[in-house]
Amino acid sequence: MPARRYPKEPLARYWLAVALELGGDRIAARNVFTALAQSPVGPEWIRRWSWLRIADIAVAQTNPIEGRGALGHALEGAVWYDADFQRFADYVRREVEWLGRHPQ
């Protein structure tokens, strides 16, 4: 595979999606996170974090089934020593479980 012209592009796109989500545009953020999560390009940790963000957005939109699925993808290959990831994943897991017990 030839070298990418902009090797840090996935990282920049990830932070763009975070900014979109924080700005309230969850649809655009979700689209960028989905593209990153499903892309074979870029570091694996960006794919995991993108899946985790998708799960968090799904929970915010009261969709625990989608949130659970995205969380499952996020946890695949996750390393135990990534404390920030594990902490956020635990938070999302608790959100998903709460929605499962309190359907809208």
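What follows is a walk through this structure, from the whole chain to single residues.

The model is predicted, so local features need pLDDT of at least 70 and side-chain atom pairs count only at pLDDT 80 or more, while totals for chains, interfaces and linings use all residues. Residues are numbered from 1 along each chain as its sequence is written, and side-chain values use heavy atoms, with hydrogens and water left out.

Start with the overall plan. The protein chain holds 5 helices and 0 strands. Helices (H or I, at least four residues) and strands (E, at least two) are DSSP runs, numbered from the N terminus. The order of elements from the N terminus is α-α-α-α-α. Along the principal axes, the C-alpha atoms fill a box of roughly 50 × 30 × 20 Å.

Next, the burial. Of the 104 residues, 36% count as buried. Buried means under 20% relative accessible area, exposed over 50%, and partly exposed in between (1.4 Å probe, protein chains only). Contact means heavy atoms within 4.5 Å. Among contacts between residues at least 6 apart in sequence, 51% join residues at least 24 apart.

Now the interior. In soluble globular proteins, nonpolar side chains tend to be buried together. Here the largest nonpolar core has 25 residues, and Tyr14, Phe33, Leu52 and Val92 touch the most other members. Helix 1, helix 2, helix 3, helix 4 and helix 5 each supply at least two residues of this core. Helix 3 gives the largest share, 8 residues. A nonpolar core is a set of buried Ala, Val, Leu, Ile, Met, Phe, Trp, Tyr and Cys residues joined through side-chain atoms within 4.5 Å.

Valine 92 is in contact with Leu52, Ala55, Asp56 and Leu71, leaving aside its neighbours within four places in sequence. Serine 50 lies in helix 3. Serine 50 is buried, with a relative accessible area of 0%. With neighbours within four places again left aside, serine 50 is in contact with Tyr14, Phe33, Leu36 and Ala37.

Turn to helix 2, residues 26-37. Its 12 residues should span 16 Å at 1.5 Å a residue, and its end C-alpha atoms are 16 Å apart, which agrees. The expected span is 1.5 Å times one less than the number of residues. Ala29, Val32, Phe33, Leu36 and Ala37 are buried in helix 2. They fall within an arc of 135 degrees seen down the axis, so they line one face of the helix. The arc is that of the directions from the helix axis to the C-beta atoms. The buried residues of helix 2 pack against helix 1 (9-22) and helix 3.

The loop between helix 3 and helix 4 holds threonine 62. Its phi is near 50 degrees, a positive value in a residue other than glycine. Most residues other than glycine have a negative phi. Threonine 62 is partly exposed, with a relative accessible area of 39%.

Helix 4 covers residues 64-75. In helix 4, Pro64, Gly67, Ala70, Leu71 and Ala74 are buried. They cover an arc of only 125 degrees around the axis, which puts them on the same side of helix 4. These buried residues pack against helix 3 (44-60) and helix 5 (83-101). Just after helix 4, glycine 77 takes a positive phi of about 80 degrees.
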